Amino acid sequence: MKHVKPFFIFRKYASIALISCMIFSLSTAFPITVSADVLPYQDPAQSIDTRVADLISRMTLDEKIGQMLQVERLTATTTQVKDHFIGSVLSGGGSNPTPNTPTAWADTVDAFQTAAMQTRLQIPIIYGVDAVHGHNNVYGATIFPHNAGLGATRDTDLVKRVAAATAKEVRTTGVQWDFSPCLCAPQDIRWGRTYEGFSENVSLVSQMGVAYTEGLQGLPSGSGFMKGTKAVGSIKHWMGDGNTVNGDDQGNVILSEPELEPYIQPYREAVAAGARTVMISLTTWNNEKAHTHHHMITDMLKQNLNFTGMVVSDWNGTYALFNQGVYSSYSSALKDTVNAGIDMFMEPDNWQQFIPALKDLVNTGQVSQSRIDDAVSRILRVKFEAGIFEAPYTDRSLISGGTFGGTEHRAIAREAVRKSATLLKNENHILPLSKGAKVFVAGTKANDIGYQSGGWTISWQGSPGNITPGTTILQGVKNAVANSSNVTYSSTGTGAAGHDAAIVVIGEYPYAEMVGDVGTGQPIADLELSTDDITLLNNVKSSGVPMVVIMLSGRPMIITNGLPDWAAFVAAWLPGTEGSGLSDVLFGDYEFTGKLPLTWPRSMAQIPANSNDANYSPLFPYGFGLNTSATNTKETPGVIEAENYNSMYGVQTEATTDINGGLNTGFMDENDWMDYRVNVPVSGTYKVSLRVASLSGATNGIQLKNGSTTLATFSVPNTGGWQTWTTVSNNVPLNAGVQTLRVHAAAGNWNLNWLEVKPTSSTTAGNLLTNPGLESGTMTGWEQWNGGTPAQSADTDNPYTGTYKLTHWASTAYQQLTKQTVAVANGTYKFSAWVRSSGGQKSLHLFSKTGGKEVTAEITSNASDYWHKYTIDNIKVTTGQIEVGVWSDANTNNWAAFDNFELTKL
């Protein structure tokens, strides 16, 4: 059993009495004596390197050690910050001033800042918080969906706006540093911090991490980078915190360095996007603590990723090594963490021992002066970059400006809620609900902001109750319907009879790290529904009213047995304060667009489960998500889930055990049917494949129709069981444009899991490439290069069209270039290719090169995605020649498949 240390609980609850300190306002602060001569480090016209070097040269060892220290606001006074030259202060989860208002926060931050500015060199502090889904410590802040919900949106522009709004609210309170975003890719949902990750898929984490970093900080090339209404971010937790054995928080990551490499990619991309601080994980890597791991911090992060910013420890990262018995003395733990490459030390419980211990280590030669100077230089560089020397105090106009928790930010949060809501079942198209319907809303969680928001909200672990202003799901429903008197609420689920539909809200009790861990000996036994939720569901079920079940959770829960009773099921994640975002999609004002960021397992025995598993058969696969619109059009080519029909007759759905899981349609009788609205891009011959199962078989049992025309007839073999699957195919002619394909049961007794529509060959005319689809079976026309590891082939393994495709793959790390150089007339061109990829590559892109200018199109798909077309448009050729191709810089067993390369003149 994991023992929760008292020092850790102290941080998060922060419920001890306030240590006495005087809160100075700017109008009453001690006067600051400034020399008439501006020193180089005080001159913003100087380069940052010049300013850092000048300031370092003036600092004593005591001043340098002070800069390397971060204290919690409850464990140090303003006088101690001044006397010890402390470089940073933070508020832990739940460590809030009284009253918990933006003004009180600004007063607290400015008081510490005033103290820092009274020191000899007037080096400002940088104040930090965990604003992980909005400025979540502060009453009245906009609370956005946790990161798992943002991952479900797949919307990087939205994530940028969420981060920008968070930064502005953080800066409104005087805080400059946000310990966010978390770039973990949780591989085991038993981990209590799963909801802090955007997804199990590293490619999606990379995209979202870059978007969040840019939204929070701004662009490095911009003059407002990390200044004004932007904040300093901190990507975390380096490294592997989502990969621990059994999902154990602060546990052991048992991966080789090549196996860990894919999880480094989100950090690599965020660093390239301007991330300036990195927080180290409290995990262990192959039995060595991350905080003392020189190779992980100095070699892999600072050198390999060319990271020039600041590395900060996690909470009590050094003290815990001693307190938990890993080291026999605090001094020895401190020596190894400093020498490993940590620059700033978050030491709330032991900071007064930190100062003399580090000073002694330097004076005795156990820590070099150059290591101290490197650490302090990195800290000062971030402070200079963020403009804190020029603007150390709160911009009070932001408080009076009204955007903190205001309508503009709450509108962004509401948009995030509706885009994150993931529809996983919609039997008989019960959704969207009519605004004139009699609606029954059930469950305590339906009317509770605390449950909606989850952990890290006002307090560390979060709590039930209306803990901060917002709109509950119940309030959102009442606001959405035509007449609120048609909405009935029951916390117990009794009294549903006579209503048209029941919205039943279930889910997890709020939790954060450690307390949210699941498994034997952990705080939570399993991910089954609670007894209260089961009772609630049974009460509503007994009424016979169809149930629309909404789950509030930070991860998938085990629902396999209950799912057949629910007409519709929505994973709402932890949406935050704006419950009306759910009403937006429940009542059809907006379409459901959310896609699962995490694999949804069938049972506890199936955990851990993710999309890279062999024999992948979850309840719902990564990326799954339905919509409700009867006019929704599916783009072809591609796979269409059988249950995602536009209309049907006589069809039912059930959970499937087929590869990739989800639902299948079944219980087919003669003359049942399903309609699918599709958009065919180009007229031609298409291969239509149906994934079917049957215990009896059905000769000529399926007709594919377009209007009154039968395009093809399929026989369903006896597969040996209703969940034993095979694929049957036929070629059919399709005209370009939007049309309805009907899957008609000429005979009954078969199940359908999905249908796939793809062209039999490339249909593009004017292609200037030789052997564009590799149909020669060779690499004729293509130039190849590799870094010593051959990793290229033309093969027949499931091409996009035709018989062959190009594959990049090797059982070791590899680099591979495939290209053609083509003589063309000057003009404007387009280059494209259809691509599938495992994801996880260091770099994977299409490129075009002409006249010395190279343009790339990054490939972001992953193993669970279908073929996707990537394009480089508007390539201007003025030299009569163009080079096009694909580049892979890949890790062990990464693969990428390419087909139908096209180079055409516009």
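In this predicted model, Phe354 is buried, as its relative accessibility is 0%. Phe345 likewise counts as buried, at 0% relative accessibility. The two residues form an aromatic pair.

The structure holds 21 aromatic pairs. One of them joins Tyr41 and Phe389. Here the centres are 6.5 Å apart and the planes stand at 80°, so the geometry is edge-to-face. The pair links distant parts of the chain, 348 residues apart. Tyr41 lies in the loop between α1 (6-13) and α2 (48-58). Phe389 lies in the loop between α14 (369-385) and α15 (397-400). Tyr41 has 2% relative accessibility and therefore counts as buried. Phe389 is buried as well, with a relative accessible area of 13%.

Aromatic residues also group into a cluster, formed by Trp566, Phe569, Trp573 and Trp600. Other rings face a charge. The charged end of Arg418 sits over the ring of Tyr590, 3.7 Å from the ring centre. For Arg742, the charged end sits over the ring of Trp673, at 3.8 Å from its centre.

The second largest pocket has a volume of about 680 Å³. Its lining comprises 31 residues, of which Gln187, Glu259, Pro262, Tyr263 and Asn612 are the closest to the centre. By class, 17 lining residues are polar, 10 nonpolar and 4 charged. Helices α8 (202-217) and α9 (257-272) each supply at least two residues of this lining. The most comes from α9, with 4 residues.

Conventions. Residues numbered from 1 in each chain as written. Predicted model: local features only at pLDDT ≥ 70, side-chain atom pairs only at ≥ 80, totals over all residues. Heavy atoms only, no water. 1 Å grid on protein atoms, 1.4 Å probe; cavity = no way out; pocket = protein on both sides within 12 Å on 5 of 7 lines; lining within 4 Å. Points joined across faces, edges and corners; volume = space filled by probe spheres on them. Nonpolar A, V, L, I, M, F, W, Y, C, P; charged D, E, K, R; others polar. Phe/Tyr/Trp six-rings, centres within 6.5 Å; stacked < 30°, edge-to-face > 60°. Buried < 20%, exposed > 50% of the residue type's maximum accessible area, 1.4 Å probe, protein only. Lys NZ or Arg CZ within 6 Å of the ring centre and 35° of its normal.
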